[in-house]
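Please consult the sequence and coordinates shown below while reading.

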Amino acid sequence: MARATTYEIRHLTAYEYRMAVPFARCVLRLTPIDRSGQVVRSAGLELDPPPEECQEGTDDFGNRIIRIAFHRPHTRLSIRSYARVEVVDADADAAVGALAARSPNWERMCDLALAGRDIRGLAPVGFLFSSRLVVLADPILAYAARSFEPGRTVVAAAIDLTRRIRRDFVYDPAATNVSTPVLEAFHARRGVCQDFAHVMIAGLRALGVPAAYVSGYLRTEPPPGQPRLEGVDATHAWVSVWCGPEIGWIGLDPTNGIAAGSSHVVLAVGRDYSDVSPVDGVVLTAGEQGLRVAVDVVEVPAAAKTGDQSMAD
Amino acid sequence: MRFGGRVRPDLAPLIAGYRPHPGVYDELIDASGGMRSHWEPLIGQLAGYGTEATARIFEAADRHLRDAGVVYRVYDGPGGAERPWPLSHLPLVMPLAEWQILADGIVQRARLHEALLADLYGEARTVKEGLVPAALVAGNREYLRPLIGVSPTGGAYLHLYAADVSRAPDGRWWVLNDRTQAPSGLGYAIENRIALSRAVPELFRSLNVDRLAAFYQRFRASLANLAGRPDPRIAVLSPGPLNETYFEHAYLARSMGFLLVEGGDLTVHRDAVYVRTVDGAQRVDAIIRRIDADFADPLELNTASRLGVPGLIEAIRAGTIILANALGSGVAEAPALGAYLPALARRLIGEDLQLSNLATWWCGDPAVRADVIAHLNERAVLPAFGRTLSNGQMEHSGIVGAGLTSPERIRLIGMLQTRGLDFIGQEPVRLATTPVWERGRLVPRHYALRVFAARASDGWHVMPGGLCRISERADARQLSMQRGGRSADVWVTCDRPPDWSILVPAPEDVEVSRETSALPSRAADNLFWLGRYLERADALLRLVRGLVGWGSESGPSDDEETPSERLSGILASWGAIPFATTEPRVAAAEALRSEFVGALPSVLGQALRTASAVRDRLSPDAWRALGELSASFPPHRQGAERDDLAGAADRSAPEMSDRIEAALRTISALAGLAHENMNRAGGWRFLDLGTRVERAIVVARFSRRMAQPSSDPSLAISSLDRLLDLTDAQTAYRARYLSGPALKPVLDLVLLDASHPRSVAFQVERIVAHLDKLGGRGLQTQPDVAQTRAYRLCERLRRIEVSSLGEEAIVETEAALMVISDAITERYLAGPPPAED
């Protein structure tokens, strides 16, 4: 691997229930896997209380998923995941900028994607249509279309859209919640990474450009001399854009107006948030519940990289 | 008239004005203007009856449907509304030979779709070979990725298949839609048959109409067989009472001995599916799925679903549960696939497709799209996946190109050019026509026929009949029961009487049996609360009657509570009015009309809501009576000045009394219906438990408030007098005591006398009897709190001295009843998860 940055990731999800939960079932998408530009050195989960059922698997998009069930009454559940991941150091903006000139025109994306004869995994044809949380609406189409002038290359147009969303939308965690419809966030021009990613995906797909939703992490502290990014306190979300069979998928982060690079660690990829939400749980409880999430992504100094296998705290 | 010479003279009056539409196939009249011979027996018979008698016969059929409570739900406005099922009285008549051609084609399509699903969820060879565009699979939201590579339990994706068909002008059948997800209509089809065959029994027999029963029996038997164990449990998984076709879910469950469940009734434990019942969790072997697949498992599919069963896909992977139809089967319904079915048939089953689709063009292909746009006037444009486009661009029924205004046309072309892949073009179709009886005459009306096929161990079987839907409009895509359509029975006529020896009894002759099916906890819970709500409504009406009947009175001093104030105090403590008032008529009006949560409209609304969730267990009469009761006390907006209320109440006092009396009669009629008609093995016991618990609580509350001491003896007596009214105890009291109401005798009668049917002691003895019966069911793994507490309370009421019955003792009784109610809920209704293996 080329020069790389190593991150130590700790992700805590803790539920507290006012009344004991007799039975619970969850699906976790908290385990990163090796992908282009990232290598997972170690990864693990700690569950308290320990589950009675636990199965590991892979979904059709290639994400690692863990299915668990709790049979005993419990009043709290804490899920701690940790991972050590190496991400290739590269100036992502420069690299993507270089692609801008030589990528195909965006108008060809739809037909190129439709020509494929694969329906599985990340085949681009599965990312062209509306999905549960992404509606293809005229206002978003019109907004996105301003970046997609006739004859422009797909990478250039997509970078432009990424930067416009960064410029036009206000990062405001109070404006939306996890189930705010994409059109509402679009009209309000406010929201968080999930909303911005959904808006961008809706615009791209409406134009016939395959677009995927990426969940992952950002490094908590920026490298010296660089600004702190938005979205470091929880899992982050950005967009993967398909740019033809030669270039494939590239990551663009509309929340920060940049290409996804060495500060981004990919957790899972899907059509929208509903395919990749880190913890899906169904809990039978009449009472209220409290939720606490904490994410820490720390660069491991080069000297500390060897021989450290024990990461549990 | 062109067909003059060929029509029997006695039939001429009926069809004198019958004019088939040009260029459209008509079932009754052939191209040369003569009547098709297979209609002659039916039309001849009707001509023999004459117009008036025929009308009477058809009214009888309508009456059957009404009495049987056959309804469907229309989605207009909040919650929608139920409509009686509209029957078009004349059946569609089809000779067996003609029917067989259609049936053969339907079986072939069922086999084709099964093979297609197996391929798409398996190796997807047909996509790799280019026989079907990848986008039409991967882009379809019904293509459920978690199900890829998962083979269906029982070996088949489809157990039930349906197609909507009509005829081309030359009489050949073509297919409008394939239904592979969860075909609806089986319940309505059988109700149409029952209604009509009862109205015209001789006619039905003389035409040798093929019977439907064997089809239903075979479907049931085949699912039961696949389960591979004796007495398998088969559930109908419904979205619940607000669904358009909930009646049908309940009907199928009731008539075929399936368990009607909602997602919350089912739970997955160690990869197997269980239903929560009052007897504990019990294994489910097969699910007849009437919810959309994406909602079936909130863990691995749509996490926003509240209708599904968390972990269901795990159970499917483990092969422990049969789904009819399999999750993901809906992908085969996409109208866009129609364009590719002929080639798919040759590749997948090595046959030429017997029934054609409407000509279909997918606009994801640039050349095809250009051609559709060029011929827009001769095309209809529809969403490719048959699903309404979520941005409001197009309904699932699509748009017909001809007749569009210029801006509409420009907009449609714009949509096709930016997102052609979302659309298909189809040839517009003019549906064939069949005769319909309207105001004493026959007229041609457009129809589409839904034909059903079910899988059995020896292959697919087609139901000899179906659901014929009739429309005023010619365009197939406008056909919808939501838009005021009607439906007709379908009679497949044989040359000889059907072979009775192979026929099992028709479902219409089979006695409903529920003895063996477990009572889901949710159903029991709803019945329990229905009992409680109805009894609370009864108590509210009695309180209001007490307030209205006595008028206002004032006590000797402001410190002393009048009996009316005590009554309104009870209303306030139940949240029926905001606070106690000295003005009885205001309290009465508010309790009957307001939106307060404890007021009558809200309590009746809750009763109706709980009843709607157990429709399959209530008689149509009971359901109708409850609906009328609730409708007669609509909530009025709050904020009216109390003085206005008093004035309005004064003006309408006599009318109010009448309504109260009528409502009390309805509630007691409902109790009678339940008592006389409900199966004791089913939910009746929980309904009665709810009634008894609530009545005991209510009477204890009445007693505590009305028997409170007062320094004014006349007020105390008047208060006790009203307590006797509230508890229907005047007659019993007078028969026993010559004097007027006195504290100890009154309390003895309404609290302790177990022979008085409204006393607390009587209710508690009934509760004990019910719990004794229930206690014998299922596994006794824990001491039964409800039973223990009920015994204790019963014993206490038997032993207690009436002189020691102070306020404190009554409060204790009320508290004990609440504990019993909670314990019943926990023991039988909350549905604990299955015990650890």
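Which domains does the domain assignment of chain B give?

## Basis of the model

The model is predicted: local features need pLDDT of at least 70, side-chain atom pairs count only at pLDDT 80 or more, and totals for chains, interfaces and linings use all residues. Residues are numbered from 1 along each chain as its sequence is written, while chains are lettered from A and ligands numbered from 1 in the order in which they are written.

## Domains of chain B

The assignment divides chain B into domain 1 (92-335 + 430-503), domain 2 (359-426), domain 3 (519-678) and domain 4 (680-831); such bounds come from an automatic or database domain assignment. The centres of domain 1 of chain B and domain 3 of chain B, taken over C-alpha atoms, are separated by 43 Å. Their contact takes 15 residues from domain 1 of chain B and nine residues from domain 3 of chain B, two residues being in contact if their C-beta atoms, placed from the backbone, lie within 7 Å.

On the domain 1 side, helix 10 (246-256), strand 7 (259-261) and strand 9 (272-277) of chain B are the elements that give two or more residues. Helices (H or I, at least four residues) and strands (E, at least two) are DSSP runs, numbered from the N terminus. That side divides into eight nonpolar, three polar and four charged residues. Here Ala, Val, Leu, Ile, Met, Phe, Trp, Tyr, Cys and Pro count as nonpolar, Asp, Glu, Lys and Arg as charged, and the others, Gly among them, as polar.

Chain B contains 28 helices and 23 strands. Of its 837 residues, 51% are buried, that is, they have 20 or more other C-beta atoms within 10 Å of their own, with C-beta atoms placed from the backbone. Among contacts in chain B between residues at least 6 apart in sequence, 72% join residues at least 24 apart.

Helix 22 (residues 684-706) and helix 23 (residues 713-726) of chain B have axes that come within 9 Å and cross at roughly 170°. The axes are lines fitted to C-alpha atoms over the stretch in contact, with angles running from 0 to 180 degrees between N-to-C directions. Helix 22 of chain B is therefore roughly antiparallel to helix 23 of chain B, a class for angles over 145 degrees. Helix 22 contributes B:F702, B:S703 and B:M706, and helix 23 contributes B:S719, B:L720, B:R722, B:L723 and B:L726. By class, the residues of this contact are five nonpolar, two polar and one charged.

## Chain A: domains and strands

Chain A is assigned domain 1 (4-86 + 277-304) and domain 2 (91-275), whose C-alpha centres lie 25 Å apart. Their contact takes 20 residues from domain 1 of chain A and 21 residues from domain 2 of chain A. On the domain 1 side, strand 15 of chain A gives the most, with six residues.

Strand 1 (residues 4-21) of chain A pairs with strand 6 (residues 74-88) of chain A in the antiparallel sense over 14 bridges; strands pair if DSSP finds at least two bridges between them. Within this pairing, A:T5 stands opposite A:V87. Strand 1 of chain A also runs antiparallel to strand 15 (residues 289-299) of chain A, joined by 11 bridges, and A:E16 has A:G290 as its bridge partner there.

## Interface between the chains

The contact between the chains takes 30 residues from chain B and 32 residues from chain A. Helix 6 (135-138) and helix 5 (125-128) of chain B are the elements that give two or more residues to the chain B side, and the largest share, three residues, comes from helix 6 of chain B.

Technical notes:
Buried ≥ 20, exposed ≤ 12 C-beta atoms within 10 Å, placed from the backbone. Parallel < 35°, antiparallel > 145°, perpendicular 65-115°, else oblique.
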